[in-house]
Amino acid sequence: MHNYPELNTSQRILMGPGPSDAHPRVLKAMSTPLIGHLDPEFLTVMDEIKTMTQATFQTQNSLTFTVSAPGSAGMETCLVNLLEPGDEALICVHGVFGNRMSDIVERCGAKLIRVDAPWGQPIDPQQVRDALKTCQPKLVAIVHAETSTGVLQPLEEISQMTHAAGALFVVDAVTSYCGTQLKVDDWGIDAIYSGSQKCLSAPPGLSPVSFSDRAVAALDRRKTKVQSWFLDLTMVKNYWQGAKRAYHHTAPVSAMFALREAYRLVLEEGLEQRFERHHRNHLLLRNGLEELGFTFLVDEPYRLPMLNAVKLPEGVDGVSTRKRLLDDYNIEVGGGLGDFAGKIWRIGLMGNSSTPNHVNMLLGALKEIMR
Ligand SMILES: *Cc1c(COP(=O)(O)O)cnc(C)c1O
């Protein structure tokens with residue numbers, strides 16, 4: 001029989017588009033002995049995660065929970081539960097993740113209406129206003145932080161026009177959550193999903209989700225069954241809330257322990273302080289990168305603090321330089337995705353990876369490599 005050695009991966013410095021570095025307290029929580037997922041002690045953990053998710057989403061929504069799968073499953077949860085065959089859905093696309101939402105909409109049997117912006121730019125609210133004159137969508141969906149392009153999308157104006165048109169407002173906050181301002185209730189967001197491995201700095205594999213009462217009412221009005229058994233919230237919600245706590249699936253107990261600790265860290269730091277930290281470290285990185293000849297893809301007001309999309313200086317090869325960063329310095333940065341494959345780098349400063357040390361390590365390594 002083949003003798004497999006004990007797992008021994010390198011200790012990387014994670015500065016890509018996720019996962020980000022996890023705090024030792026999060027890793028320690030993950031190695032807590034298992035308990036049953038219906039154990040009263042685990043139900044308490046679920047209740048605590050729910051209130052910490054509400055606090056960080058800045059929402060009172062009672063249907064606030066965690067999907068036992070990564071961010072893409074949170075995306076699918078929002079869309080499959082709110083769309084029935086024949087419904088119209090208006091999807092704003094300014095990168096890879098808007099495209100992914102569009103794909104899911106079609107798989108739901110809904111009618112897709114797209115509003116596109118050039119990659120690297122936000123969606124102009126006027127485009128949405130014009131599109132809303134031509135259709136009657138059940139929902140309008142948009143990505144808050146487009147990780148493929150580094151764009152921060154303003155949401156409030158589009159939210160208002162969505163509600164004026166009688167539609168639900170659905171937001172992808174996988175990368176923005178816990179890294180920049182995000183007010184689910186004040187901004188009128190009806191369904192939102194995120195991921196555990198970006199600015200939350202927990203291990204990948206969980207997706208915090210929240211539905212407003214309007215979204216729950218739309219769910220209750222469905223005439224057809226939700227296409228997905230696993231993601232069907234009419235069942236999942238009986239596991240997350242209410243007295244019965246009916247078995248639905250076995251929760252990923254260890255990942256939930258880690259998520260709970262990651263939330264404790266976020267709340268200890270404070271949301272405003274955390275946003276400010278992400279902004280400060282982004283400016284530090286920007287100054288250093290510009291000195292080295294890198295240029296930013298996105299115009300200043302729309303730049304993400306946690307994901308820096310940059311073009312390389314003339315004469316620097318992206319692939320071999322990234323390989324050297326990983327091989328010689330243990331630093332991971334992201335390459336371009338979709339239209340930008342091979343054209344840009346995506347440097348993440350997410351959650352626990354947003355520190356002056358991370359910035360200085362990367363800049364120091366780049367200086368040596370580029371010398
Ligand atoms: C990472 C990401 C996703 C997908 O999350 P996974 O955890 O990789 O499934 C969706 N949307 C955005 C904006 C992302 O950055």
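How far is an oxygen atom of the ligand from an N or O atom in the side chain of Thr147? The distance is 2.3 Å, a polar contact in the sense of a pair of N or O atoms within 3.5 Å. The model is predicted, so local features need pLDDT of at least 70 and side-chain atom pairs count only at pLDDT 80 or more, while totals for chains, interfaces and linings use all residues. Residues are numbered from 1 along each chain as its sequence is written, and side-chain values use heavy atoms, with hydrogens and water left out.

A polar backbone atom of Gly71 is 2.9 Å from an oxygen atom of the ligand, and a polar side-chain atom of Lys198 lies 2.7 Å from an oxygen atom of the ligand. Of the 380 Å² of accessible area that the ligand has on its own, the protein covers 89% (Shrake-Rupley method, 1.4 Å probe).

The shell around the ligand holds 13 residues, of which Ser72, Thr147, Asp172, Gln197 and Lys198 come nearest (a residue is near if one of its heavy atoms lies within 4 Å). By type, the shell has five nonpolar, five polar and three charged residues; Gly counts as polar, and Asp, Glu, Lys and Arg count as charged. Helix H3 (71-82) and helix H4 (96-107) are the elements that give two or more residues to this shell.

As for the whole protein, its secondary structure comes to 12 helices and 14 strands (DSSP runs of at least four residues for helices and at least two for strands). The radius of gyration is 21 Å, close to the 21 Å that the globule rule gives for 371 residues, so the protein is as compact as a globular protein of that length (C-alpha atoms; the rule is 2.2 Å times the number of residues to the power 0.38). Along its principal axes, the C-alpha trace spans about 65 × 55 × 45 Å.

Two loops have backbone details to look at. Pro19, in the loop between strand E1 (13-15) and helix H1 (24-30), is joined to Gly18 by a cis peptide bond with omega of about 0°. Cys178, in the loop between strand E8 (168-172) and strand E9 (191-193), has a phi near 70°, a positive value in a residue other than glycine.

Technical notes. A polar contact is a pair of N or O atoms within 3.5 Å; within protein, one must be able to donate a hydrogen and the other to accept it, and residues adjacent in sequence count only if both atoms are side-chain atoms.
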